[in-house]
Amino acid sequence: MKKIISEKAQHGKVTNLSRRRFVVASAAAGGGLALGLNLPFGSRTAAAQGSLASAEVNAWVVVKPDDSCVIRIARAEMGQGTHTGLAQLVCEELGCDWNKVSIEPITPGQNLARKRVWRDMSTGGSRGIRGSQDYVRRGGAAARMMLLQAAADRWNVPVAELAVANGVITHAASGNSTSYGKVAEAAAKLTPPDPKSIKLKDPRSWKIAGKPLKRLDTADKVNGGKKYSIDLALPGMLHAAIRACPVFGGTVASFDESKIAGRRGVQGVVKVGETAVAVVADTWWRAKSALDALPIVWDEGPAAKESSATIATRLTEGLTAGDAFADTNVGDAIGAIAGAAKQVEAVYSTPFVSHSCMEPMNCTVRISDGKAEVWMPSQNAEASMAALSAVSGVPLAQCEAYNHGLGGGFGRRGGTQDFVRQGAAIAKQFPGVPVKLTWSREEDQAHDFYRPIGQCKLSAGIDSDGSLVALHLRVSGQSINAHLAPHNIKEGKDRRQLQGLWPQPHDAQFGYTVPNLLIEYAMRNTHVPVGPWRGVNTNQNAIYLECFIEECARAAGKDSLEFRRAMLQRHPKHLGVLNAAAEKAGWGTPLPAGVHRGIAQFMGYASYTAAVAEVSVNGSEVKVHRMVLATNCGHAVNPATIAAQIEGSVAYGFDSLQSEITIQNGRVAELNFHTYPVARLAQLPKIESVIVPTYDFWGGVGEPTICVSAPAILNGILAATGKPVRTLPLKHSGLVLV
Amino acid sequence: MQLNVNGRNHEVDIEPEMPLLWALREAIGLTGTKYGCGIAQCGACTVHLDGEAVRSCSIPVSAAIGRRVVTIEGLSRDNSHPVQKAWVALDVPQCGYCQSGQIMAAVALLHKNPKPTDKDIDAAMTNICRCGTYQRIRAAIHMAAGTGKGGGSIIHLGSGSIESAPGISADPAIQA
């Protein structure tokens, strides 16, 4: 087989592939994070700079002679609408004609060459717009000032006398008129304005931003024309299918390539690091079929003894263990609970869940003549390029990464870049040949960075008038930081796992005022890789808190909304968005027989969110009829896109109710959609979006509303049945979403 | 082996057991049809075989010989098909990856049932969308069908005012 591989390799030098030992900087599981943050930003005059220069007014804006405007975007588009939203913000300040705007994504190589003029390219944490709104608006405003100055210079009039609308510059006194396209070349030669002289528009006066404009990137998504990374075709390209040891932490012991010798199209077998084996062929189907026929023996390692049961036992121990840290400790929660008129206690548990992006992990890598390139779907193209450089050994300045619109991201394709590392390791063995690595769905399910598993023990004391006087919340579960970014854990205290329960304002603040409050986290890690899953730790924390608050409201004999309102008086934004959701949902108004309401509020990604669900339960069947979700994201750049994100939140939030990754013999059991249920159209309720911006901060949109979706529905189930659902997914309570 | 795809005959030299999906993507180069699961669960690979919606990942290419295969690229090149028009009017796609399959499933539904009810749509539209565009998919099918059922996004913006996403009402010009 070795000989066969050698002979079949089109570009030679590929002998003894299967025995070649690769030194891969980071294995598939447990790779590093945030590679983009530590790039050495040397100067580099790339060819790219020349191609960008011609009609460029500044880094953000290119105006062509026909008045069309190209707006450059650094953040990734994965469906969330950031590209359109950022273009609206630039266009708003630029004053160009929206109908003549197009978007041009920049590459990390270009960003590097220009000393990171476009700043951070990573797209996660719902930061795409809020994290770049200031400098992109300033970029648009600076370009406007330069274009106007160029016209003023041409007409020899004071720039203050000029006006602009839709890219047409006018001078009322003289009757002169010109357009952006006609002065762009002159404008590009001007010195950019002093940043202090740039005045941004009042968002309340926006004409382009703030409006529900159509997305700019829809047309080729309805005719098959859009080229995702997985669709890339390059001349001479080969395809790789990969299988990593199904047990996390296990390694490749041996494989018998003679069993696939002579199979049509097969070019070679590559051991990828210590953990995976890839088959390379002329088409992916042939590579995958050969991989399926390839006998591989794994050294599964000690983790093969782990299961969901062993993990659950470890987490349960953490609920009462002595090593938890207290992030909030106000008053004497434990004493006050003991002395209260009524006690409430519950233990909740939430499983691992997978991202399951519709486009499986993939990338194409070509390494040749001291140059390395990768085409990929990435939430952090700079991290992709850094991973390529690290594995290929090619310096960053000779690397380039071409990001494609992502077929779903949800946090899966950020800092880890495990698939790029694998792709680079494989392509390294085929110099000069582009190799596309595509994961099967099964591989994608088996080797995700899952939403961390957790349990939560909650105890409350309620006094004689039905007020919550004490709350003790103890999370025991896996830490994302411990797996991906241990440097973020200070003195053993991983605050990130308490997202949404923090006392500090502005990001993910606990909204309730409780006189005696103890919030703790006990870190209980497992061998299963975990990572950010859209909404991250707000998902499980909102379920723990808001379902338990509901239990407390019922124990106190109070209305669910009024019980919460009473405790949110000191946090008007939390309260405001709860009121907005309740009002639009018609809280307190009659419902059809058998339909019940549930409500929830939470904060994450600097935005305040709340939801009301209308639910009926018929035997084992749970039907969600209507959901009203409210957000105060500070500024609403595109209400139609925000609504799309809210609608999507409900579907993604359904994962919290019905999806579960279990571990058997150290590996994931749910390897495809027949055993891993995700939301389907028939399950989805009618969804209404309530957008109540207060114009005094910038909050995220892509993630914050997900976490209130599940607890609102769970509280509706409690209202319908009188029984709390504490162990998720619903099937463990004999319930199913229909 | 000869395949008829989008009205054109293609001579392909491939294994008869190769799934139709991979024949389309890798032998013919039509990548609008997507791989999502490989086991006929997600519908990203939906194409029409003699007018019926099928999941091409789970059909051997040999089963398509002598039959008419239509892919997303065969609907229209200029987005002029009524279902494409409705999808654009309502800004249905988010990431867009599943939308080829969603649209092909919707076109097949409307071919059989020009005025589907919500229940009909529930039963026919079992494709997975992880972005959660389902509400707009349902509305776009009603729009393309001209059922008179609106739907789509319901947006309450600010205090009291109510707006709807573009194209909330059925447009008689784009009926299937």
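**Close-up 1. Ala244(A) faces Ala276(A) of strand β11(A).** The neighbours here are strand β8 (residues 238–244) of chain A and β11(A), which run antiparallel and are joined by six bridges. Strands are DSSP runs of E with at least two residues, numbered from the N terminus, and two of them pair if DSSP finds at least two bridges between them. You are looking at a predicted model, in which local features need pLDDT of at least 70, side-chain atom pairs count only at pLDDT 80 or more, and totals for chains, interfaces and linings use all residues. Residues are numbered from 1 along each chain as its sequence is written, with chains lettered from A and ligands numbered from 1 in the order in which they are written.

**Close-up 2. Strand β10 (residues 266–272) of chain A also runs antiparallel to β11(A), joined by six bridges.** Look for Gly268(A), whose bridge partner in β11(A) is Val280(A). Three residues lie between the two strands of this hairpin, and Gly273(A) in the turn has a positive phi of about 60°.

**Close-up 3. Strand β11 (residues 276–281) of chain A is largely enclosed by the rest of the structure, because six of its six residues are buried.** Buried means that 20 or more other C-beta atoms, placed from the backbone, lie within 10 Å of the residue's own. Ala276(A), Ala278(A) and Val280(A) point one way, while Val277(A), Val279(A) and Ala281(A) point the other way.

**Close-up 4. Domain 1 (2–74) and domain 2 (82–174) make up the division of chain B.** These bounds come from an automatic or database domain assignment. Between them, 15 residues of domain 1 of chain B are in contact with 12 residues of domain 2 of chain B, with C-beta atoms placed from the backbone and lying within 7 Å.

Notes:
A residue is buried if 20 or more other C-beta atoms lie within 10 Å of its own, exposed if 12 or fewer, and partly exposed in between; C-beta atoms are placed from the backbone. Helices (H or I, at least four residues) and strands (E, at least two) are DSSP runs, numbered from the N terminus. Two residues are in contact if their C-beta atoms, placed from the backbone, lie within 7 Å.
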